[in-house]
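Hi,

Here is the structure I promised to pass on.

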Amino acid sequence: MICRSVFGRTLGGDAARQVVGAFARYQRGSGVGGLLSLLGLPGGIGARARAWRLRGEVARIHAVLDRLVAAALAPGAAPSLIRAMAEAALPGSGEPLSPLAFRNEAATLFLAGHETTASTMAWAWFLLSQAPGAAARLRAEADAVLQGRAARFEDLPALPFARAVVEETLRLYPPIPLLARQAQQEVELAGRRVPKGAVVMAVPWLLHRHRALWEQPDHFRPERFLPGAPPRPRHAYIPFSLGPRVCTGAHFALAEAMICLATLAQRFAPRLAPGARVFPVCRLTLKPGETLPMLLERRA
Ligand code: HEM
């Protein structure tokens with residue numbers, strides 16, 4: 001979905017597989033070092049050695065992205081985010097974006113937009129497989145609203161429980177579980193001196209499960225996000241971050257996740273494979289390990 005949105009509808013399957021494959025190999029090779037280097041923390045010699053080994057993967061990602069950007073900008077190409085960026089007037093200079101800037105935009109949108117939603121979907125199906133009541137309520141809502149067809153953007157207001165499932169999933173397993181900021185100047189935070197240049201972490205993983213902020217914080221209870229539920233403390237819930245660098249794809253992500261959930265819930269009831277054990281693993285995003293073995297039961 002993100003591939004088609006960023007590069008255009010005609011660039012589907014193959015291109016997506018190439019980019020996802022290259023990013024996945026990059027992540028496996030980078031391990032925690034990748035996360036630390038993204039956060040701008042010194043990773044030591046081990047991290048430098050890993051970065052050296054990953055150069056080939058980086059070059060492959062760049063080559064795939066450059067090809068996709070060129071195809072998205074070719075005359076007659078389908079509408080896409082990349083084309084919209086090329087057609088928009090740049091505020092300030094009025095200059096067109098350079099090829100390097102396009103590649104960087106494409107990489108950011110792609111990286112920010114594919115695994116975050118994919119992890120959300122994986123966690124949502126896992127949580128639903130452990131909560132038959134919530135799964136039944138989701139199915140009943142989807143059946144009533146969609147009557148067998150795929151969900152569309154216009155259906156979203158009629159799917160409040162699907163939305164609540166996505167929001168509760170993002171609370172329990174925020175795909176980006178920690179946010180790093182660097183202090184531009186010395187400040188005092190909660191009585192502690194933060195020197196200029198220090199890295200300060202905001203940790204949705206902890207905030208979203210804090211006992212002082214949430215009732216039954218470790219329970220999966222989508223109801224807490226339904227309209228009319230008691231208000232929650234401001235800023236206790238930040239899966240998309242806050243402030244000037246807030247996720248630009250938050251609405252897109254919620255919409256695609258709701259559409260997928262509601263559409264699929266009508267036809268399938270995913271069950272965790274017997275004996276499977278699920279652990280959160282934090283790479284670039286918080287994932288249920290490398291695989292999440294589930295059995296798809298087709299609904300009558
Ligand atoms: C459930 C899915 C998603 C989650 C949980 C999520 C979460 C986040 C978070 C927490 C940040 C801020 C990171 C920071 O401040 O350090 C961020 C930034 C960003 N996200 Fe998302 N995101 C999701 C989906 C998407 C999608 C689908 C797109 C694109 C269509 C997207 C595009 C971006 C971009 C471009 C930024 C950087 C914004 C900036 O720095 O100005 N995200 N996202």
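Below is what I found, starting with how to read the model.

This is a predicted model, so to speak of local features we need pLDDT of at least 70, side-chain atom pairs count only at pLDDT 80 or more, and totals for chains, interfaces and linings use all residues. Residues are numbered from 1 along each chain as its sequence is written.

First, the domains. The protein chain is split into domain 1 (1-90) and domain 2 (115-300), with bounds that come from an automatic or database domain assignment. Their C-alpha centres lie 24 Å apart.

Next, the ligand. It has 20 residues around it, and the closest are Ala112, Gly113, Thr116, Cys247 and Gly249 (a residue counts if its C-beta atom, placed from the backbone, lies within 6 Å). Helix H6 (99-129) and helix H10 (250-267) are the elements that each give two or more residues to this shell; helices here are DSSP runs of H or I with at least four residues, numbered from the N terminus. H6 supplies the largest share, 7 residues. By class, the shell has 11 nonpolar, 8 polar and 1 charged residues. Asp, Glu, Lys and Arg count as charged, Ala, Val, Leu, Ile, Met, Phe, Trp, Tyr, Cys and Pro as nonpolar, and the others, Gly among them, as polar.

Cheers
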